[in-house]
Every structure is written in structure tokens, then in C-alpha cells.
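Please examine the model shown below before reading the notes that follow it.

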Amino acid sequence: MSFNPVIQSQETVDLLATSFAPALVMHRSRRDGRADPLWLQWTLTGVALFFLTIFIVIPLVNVFAQALAKGVAAYVAAISHPDALAAIWLTVVAAVVAVVLNVVFGTITAWAITKYEFRGKSLLISLVDLPFSVSPVISGLVFILLFGAQGYFGPWLQDNDIKIVFAVPGIILATVFVTFPFVARELIPLMREQGIQDEEAALSLGASGLRTFFRVTLPNVKWALLYGVLLTNARAMGEFGAVSVVSGHIRGETNTMPLHIEILYNEYQFMAAFAVASLLAFLALVTLVAKVVLEKRIARTTR
Amino acid sequence: MVSGILLLRRQPSVVPGFGITLGVSLTWLSLIILIPLAALFLKTTELSFERFVAIVTSPRTLHALELSFGLALAAAATNLVFGLIAVWVLVRYEFPARRMFDAVIDIPFALPTAVAGIALTNLYAENGWIGSLLAPLGIKVAFTQLGIFVALVFIGLPFVVRTVQPVLQDLEAELEEVAATLGASRWTTIRRVIFPTLVPALLTGFALAFARAVGEYGSVIFIAGNLPNVSEIAPLLIIIRLEEFRYADATAIAAVMLVASFILLLIINLLQRWSERRAGKR
């Protein structure tokens, strides 16, 4: 029946391999030339999984194990301590402000970059990405240099009794700085791929620019925008270095969750530190699950 | 298809709002990113050149910079090797929990650095899960330079994997089959056909992991031990100088690091352009 004996024999080999090694089935290797020898598959898979387990899985598991080391009651007590609750509240506030500002301005930036042709566009894209390559510590330092007591606007702020550094506004500024690229970064590739035909059609039918944006552009990019929000939120809630520099570390007032974790840890309250950390680790897991779901939806909208 | 052809004939700027959206973008960018970064360089110019050189070449600063750059390089190289193996396994093989391990790669992106920091420190401390296994062998990880290396490997891994993975996925099966048909051994095919295609992405991933590791703070300071001239990284030294109100010192070190990251960013951009051109040619 078969016109191709080579392929048939390869299938037999695959079948044999499968029956001898049920756990490790060769993937997309029905054809000659692409299949690695079985011993190599086993070795490489072993090395990769060992590396990933040691470096990523175990640290994550450890967070939850240490958090629950003294039982559920101690865990609940640690995360409902007034200082912990104040830190959670401040973290949420900073994240919400950062998300809202970056959604508004990130969307406008992505629109300007993808809907028009102009000179210097690639420079603008690089500038949007800039915060990614700046050390978190430096991201905080620049705001001390601007608004600190010895900073450029320091004396003026003091005269007018406005506190930015070592207070909540500084924390928010640093958070907005480090999360600046996420929304625009997620939107730009998708909006570029989608082009401007849809907008042109809406405009030619008489819709206004704003109406076109809300009724045509926004529905087209909603999943990518949500993904950008997700990444912005995760980074905002977890930011440590930049916020640490501008916070002043006042308990119950200017401590975010990561800073509270640091204080607890340095006071040898390890279990409490891990309890607060487990909340952020849980957020990270939720973010990852949502990422997998959203990426599928985004892939569908790009077609 | 039809709308695509029509689009080519049309004038591109029928969408309104160019002036206002670009204006708002540039204003926001200037306020949040450009002016603050410019302030750093402006502050640096207030130092005399001799003073700047004296700060940057002081033994403690030099050691911190060497440590940050050296260990970042070592960690990025480690991630290059194991990242490539991980990509190969995830793309080419089928095994139980493959999708779970694929998702797990992003954890260093998503997990806050302070959480990673205390988790790694606890693991590698002498009474920790891994530290207690290494202690009888005489290997100390926590509170040594090796600990910093471990933290930098953790945060850098996704950069290599997520840069190389799509390129290997898009690699056409025909290329390898042709090579095999023409008599190339599997090893020759990997060396002469697959590897050259992956090089731009590998270099980009390496540079991204390196750039991230150089400036890393949160995951490192818990595990580092932070001994001056031994295990004190450059970002930590900036914070120490700030807390001592030695703003000039903090600014000078930051300026050196920032220039280094700009150079890295430029290299990454060039690499990505090279990578895209490679992909376009195929």
C-alpha cells in the first residue's frame, strides 16, 4: 500500500522508541534529518529540567514553604499586621496610579508611533524602552537629584512645603519611571501589524478621530492593552530598588510590600517576610497564567 | 489583500491627531524619563574632571564596578549555554510537563526581585535546602560572590530563552532535511545550518541578560553579604553613598553605569537589526 518505504520505516522506529521510552516521545521528528538520537534527547532534557528546577522552581516553592513554616495562624497574623496592611495599601495605590498613567500615555505614544510616518521614529521607540536598561537604583537616584533637599527643585519644594522624595509622590514617580515602557511596548507591534485600514474606513464613513479610536482601534488592541496593564501592575507592585532609594523607609507610611519584606528579613522575622513575599509570589503566578491566556487571544487578533 | 493594495496607493496621513498625540507623547517622555536622566548628567558636570576620576577610580568603587560587570558577564554566559539547551529541549522535544516548564521560564520576569532575593538567600544559606547539601562539600554560596552569581543567573535566564525561542521555532524544517539529504551528519547540520541562524538572537539574549544583571539590585543584596571590596555591587555602593549624603560620589558612579548601559543598548539595537535582516532574508 505504501509508496514510501522510508517514511514507513521511520514510523516503525518512532513506534519502537515510544514503546521503550513512553515518557519521552520524539516531537515533530517523523521525518529523517531532524531527529536527535534518543540518548541526546534524554541528556539535554535532563540538563535543562535540572537547571530550571534548581534555579527557578525550587526558589518559588521555597517562598511558599517558608511562609507556611510556622502554620496558617502565624501566616495570617503576619499578613494582617498593621504595618503589613499599610504596605499592601501603599503598593496598591502606587500600582493603580502607575497603571492608569501608563495606559493613557502609553496608548497615546503607541498611536503616534504606529499611525503616522515621521522622522526620528526609531529614536522615539528606543527612548520609550530606555527605562528597561537603567538600573533600578539609578531610576530612584534621578528623582533624589531633582526633588531631594540638595536637588534642583529641592529648595523651591521646601519653601512651598511640598514633599516628593521620602514620601508617597516620590514612590509613585519612581514606579511610573520603571513601568514606563510596558504598555507602549505591547501595543506597538500589534498596532503596526494591524495598519490603518480600519481607522481609514471609519473616518471615511464620517466618524470623528476620538470615536474612531474608541470604537475601532481600542477593540482591536484590547487584549494587548490588558497584557500591558498586567505587566505594568506586576512590575509596579514588585519594584524594589527604585522605590527603596526614594522611600525613606518610614514604617506604616512610606513602605511598600517589597520594602516591608526587606525590613522584616533584616530583623530576622523570616517567616513574616516570606508571608508578605508569598502574596507577591502569588501575584506573579496569576500574572503568568493570565499571560498564557492573553497571548493566545493576541495571536488570534493578529491572524 | 485588496485593502492592502489600496493602502499603497493612498496618502498615508488621513488619520487625524498627529500633532496632539506626538506632542503629548514627547511631553510625557520628557517629564518622566528625559529630564530626570538629564539631571543626572547635569549633576555630574558640576564635578571637576579630577574629582570625577578620583571617585570612579577609588579602590572601593573600582572593585564594585568590576564585581557588577564581571559577575554579570559570567551569569550571562551561563545563561547563554543553559538557555540554549532549554530552548532546544522546549521547542524540539515532547515530554511530560513541557508546557509547565515553558511557562516557568517567565517567573524571574514576574517575581519581584526582593522576593527572589530572600528565597535564594534562604535556599543557599548553610541550613537551607540547597546550602545544607553544598556545605559538606565545602561550597559556600550565600554571602559570597558565588551567591551574587546565582542571583544574576536567576534574573537573566528568561532574556536568553525568550529571545532565541521564536527564532528556533520559525526555523524551517526543510533546511535541515536538505542538509541531511545532502549527506551532512546531524552534528554538521547543527553546526553549519542551525547554529548560524541562531547567532544574532543568542547574542541579543546574552546582551539583554548582561544589561539587566549589571544594574540588578533587589535579588542580589540579600544573598551578597555586601562586604566592601569583596561582595559589594555597584548599585549598592550608590545607595550607601546616598545614605552618607555623598551625592557627588553616588552621581559619578551612576553616570558611569548609565553610560555603560547606553552603550549596551546601542549594541542590542544593532544586534536586533542584524537579527531582523537575517530573518527577512530567509
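The model is predicted: local features require pLDDT of at least 70, side-chain atom pairs count only at pLDDT 80 or more, and totals for chains, interfaces and linings use all residues. Residues are numbered from 1 along each chain as its sequence is written, chains are lettered from A and ligands numbered from 1 in the order in which they are written, and side-chain values use heavy atoms, without hydrogens and water.

**Chain build**

- Chain A contains 14 helices and one strand; chain B likewise contains 14 helices and one strand. Helices (H or I, at least four residues) and strands (E, at least two) are DSSP runs numbered from the N terminus.
- The C-alpha trace of chain B spans about 65 × 65 × 30 Å along its principal axes.
- For contacts (heavy atoms within 4.5 Å) between residues at least 6 apart in sequence, 75% in chain B join residues at least 24 apart. The corresponding share in chain A is 68%.

**Burial, surface and charge**

- In chain A, 51% of the 303 residues are buried, and in chain B 53% of the 282 residues are. Buried means under 20% relative accessible area, exposed over 50%, and partly exposed in between (1.4 Å probe, protein chains only).
- The accessible surface of chain A is about 14,100 Å², with 67% supplied by carbon and sulfur atoms. For chain B the surface is about 12,600 Å², and carbon and sulfur atoms account for 68%. These areas come from the Shrake-Rupley method with a 1.4 Å probe; for residues, only the protein chains shown count as cover.
- Chain B carries 21 positive and 18 negative side chains, and the centres of the two sets lie 7 Å apart. Lys and Arg count as positive and Asp and Glu as negative, with His and the chain ends not counted; each charge is placed at NZ of Lys, CZ of Arg, CG of Asp or CD of Glu.

**Salt bridges**

- Over all chains there are 20 salt bridges, each a side-chain nitrogen of Lys or Arg within 4 Å of a carboxyl oxygen of Asp or Glu.
- A:Lys115 and A:Glu199 form one such bridge, at 3.1 Å from N to O. Because A:Lys115 lies in helix H4 (residues 82–115) and A:Glu199 in helix H10 (residues 197–204) of chain A, the pair ties together parts that are 84 residues apart in sequence. A:Lys115 is buried at 4% relative accessible area, and A:Glu199 is buried at 2%.
- B:Arg60 bridges to B:Glu232, with the closest N and O atoms 2.7 Å apart. B:Arg60 lies in helix H4 (residues 59–92) of chain B and B:Glu232 in the loop between helix H12 (218–224) and helix H13 (234–243), so the bridge joins parts 172 residues apart in sequence. B:Glu232 is buried, at 1% relative accessibility.
- B:Arg246 and B:Asp249 meet at 3.1 Å, N to O, in another salt bridge. B:Arg246 is partly exposed at 38%, whereas B:Asp249 is buried at 7%.
- A network of salt bridges links A:Lys291, A:Glu295, B:Asp102, B:Asp106 and B:Arg162.

**A:Glu262**

- A:Glu262 lies in helix H13 (residues 257–266) of chain A and is buried, with a relative accessible area of 11%.
- Leaving aside neighbours within four places in sequence, A:Glu262 is in contact with A:Phe240, A:His249, B:Ile221 and B:Phe222.
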